[in-house]
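The following exercises are to be worked through with the sequence and the structure at hand. Each task is followed by its solution in steps.

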2 protein chains.
Amino acid sequence: MCPHAFIPYKPVNPKTRLSCVLSQEERESFARAMLADVISAVKEVNCSPVVISTELIDSEDVQITVKDADLNQTLNSLMPEASGKILIIMADLPLADAASLKRVLATGKDMAIVPGRGGGTNVIYLKEPQRFHFDYYGTSFLKHVKIAGDAGLSSEVIDSFRLHTDIDEKEDLVELLIHGTGKSRAYLEELGFVLSVEKGRVGVDRKGQKTEVE
Amino acid sequence: MCPHAFIPYKPVNPKTRLSCVLSQEERESFARAMLADVISAVKEVNCSPVVISTELIDSEDVQITVKDADLNQTLNSLMPEASGKILIIMADLPLADAASLKRVLATGKDMAIVPGRGGGTNVIYLKEPQRFHFDYYGTSFLKHVKIAGDAGLSSEVIDSFRLHTDIDEKEDLVELLIHGTGKSRAYLEELGFVLSVEKGRVGVDRKGQKTEVE
């Protein structure tokens, strides 16, 4: 059976740390393009996407709309009803691909987890979600590993930079321009973003206007 | 036969982007601890380390001392003499472990490569190093993939955040405090570094003095 893949997503005024290089409208389009890339990767490994959105969005995919942005509360309320295995994957992982997700889904443990940059949790795969609860924000990676341990669940950390790289800041755009292959990379290029190299360090320029990583 | 693992290393005044939180002496000790972690990982997968150092260092490992810091020139001059497979791994990858290196060494292609954060090249494994040449700095990952292609060498990108995470800046210390297990993590802890969480974002504190990631 194909596991459900829950994808938390914020369509309105997302990715504020990119405000230095993208307008609100552009950030919204960019977030939507990243979501499309994640959905595409998830479908490629035969998971069925469920977008957990803070607003109703125009989409042919199944969505759950939550007024409250509290991700933990939402997920924890869904888990008791969950039947079968589930995947939770963030919407800002446009480098996610079938190969990296297959490694997650192939775990021999009760849980597979991929840390995000800065201690967050980018992907969790649970074979028995009823035995787990979520505690996102802060050093959630360490918290989730502990929660699994306390619940008697074995866990595996999947070592993937594609799933580790959440796109939050200007310098993260470098990763997307180098390693991306989907809609979000195309959108950045459409806006005029290109790689720039100065003194051996790599940044991004936009339409001739320098926005080098500081 | 165990491949040689060349490890470029700068012992004097390294890691200047960490000057905001570490003195020069501390940066030198920290770089040495990271080198020790890399050497340890390399030995665990039965590679034989060769430190390519800009100064003679006190070490029981084989070392090549190069006066000129030009890494490309040094490596390119060594390759024609290389017999058998070789690995080149940077000294600032303290999250390197046997599992990630095994994935590199297990490649079915002529070359395996691991991109660093920001477009660099953290690890290259070459089965026929005579057919390759190095072009580090800038977007060297893209350059090295192209060089391999132009030389008719097949290549595989190894998807590992442990080998992707080079420690250059203050925020990279967060990764080491979360995922590190070796001497360089212990050294940071000895200096008083701990994780800090504020407004859901993770940074590092040192002995009560805030040095949060900006």
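**Exercise 1.** State how many helices and strands chain A holds, and determine how its radius of gyration relates to that of a compact globule.

*Solution.* In this predicted model, chain A contains seven helices and 10 strands.

Step 1. The expectation for a compact globule of 214 residues is a radius of gyration near 17 Å.

Step 2. The value for chain A is 17 Å, which agrees with that expectation. Along the principal axes, the C-alpha atoms fill a box of roughly 55 × 35 × 30 Å.

Step 3. Of the 214 residues in chain A, 57% count as buried. Among contacts with a separation of 6 or more, 59% join residues 24 or more positions apart.

**Exercise 2.** Identify which residues of helix H2 of chain B are buried, and explain why they line one face of the helix.

*Solution.* Step 1. Helix H2 of chain B covers residues 71-78, and its buried residues are B:Leu71, B:Asn72, B:Thr74, B:Leu75 and B:Leu78.

Step 1. Viewed down the axis of H2(B), these buried residues fall within an arc of 165 degrees, and therefore they line one face of the helix.

Step 2. The general rule is that an α-helix has 3.6 residues a turn, so residues three or four places apart point the same way.

Step 3. The packing partners of the buried residues of H2(B) are strands E1 (4-9), E2 (48-53), E3 (62-65) and E4 (86-89) of chain B.

**Exercise 3.** Determine which residue caps the N-terminal end of H2(B).

*Solution.* The cap is B:Asp70, with a side-chain oxygen 3.0 Å from the backbone nitrogen of B:Asn72.

Methods:
Residues are numbered from 1 along each chain as its sequence is written. Chains are lettered from A and ligands numbered from 1 in the order in which they are written. This is a predicted model: local features need pLDDT of at least 70, side-chain atom pairs count only at pLDDT 80 or more; totals for chains, interfaces and linings use all residues. Side-chain values use heavy atoms; hydrogens and water are left out. Buried means under 20% relative accessible area, exposed over 50%, partly exposed in between (1.4 Å probe, protein chains only). Helices (H or I, at least four residues) and strands (E, at least two) are DSSP runs, numbered from the N terminus. The arc is that of the directions from the helix axis to the C-beta atoms. Contact means heavy atoms within 4.5 Å. A polar contact is a pair of N or O atoms within 3.5 Å; within protein, one must be able to donate a hydrogen and the other to accept it, and residues adjacent in sequence count only if both atoms are side-chain atoms. The radius of gyration is taken over C-alpha atoms; the globule rule is 2.2 Å times the number of residues to the power 0.38.
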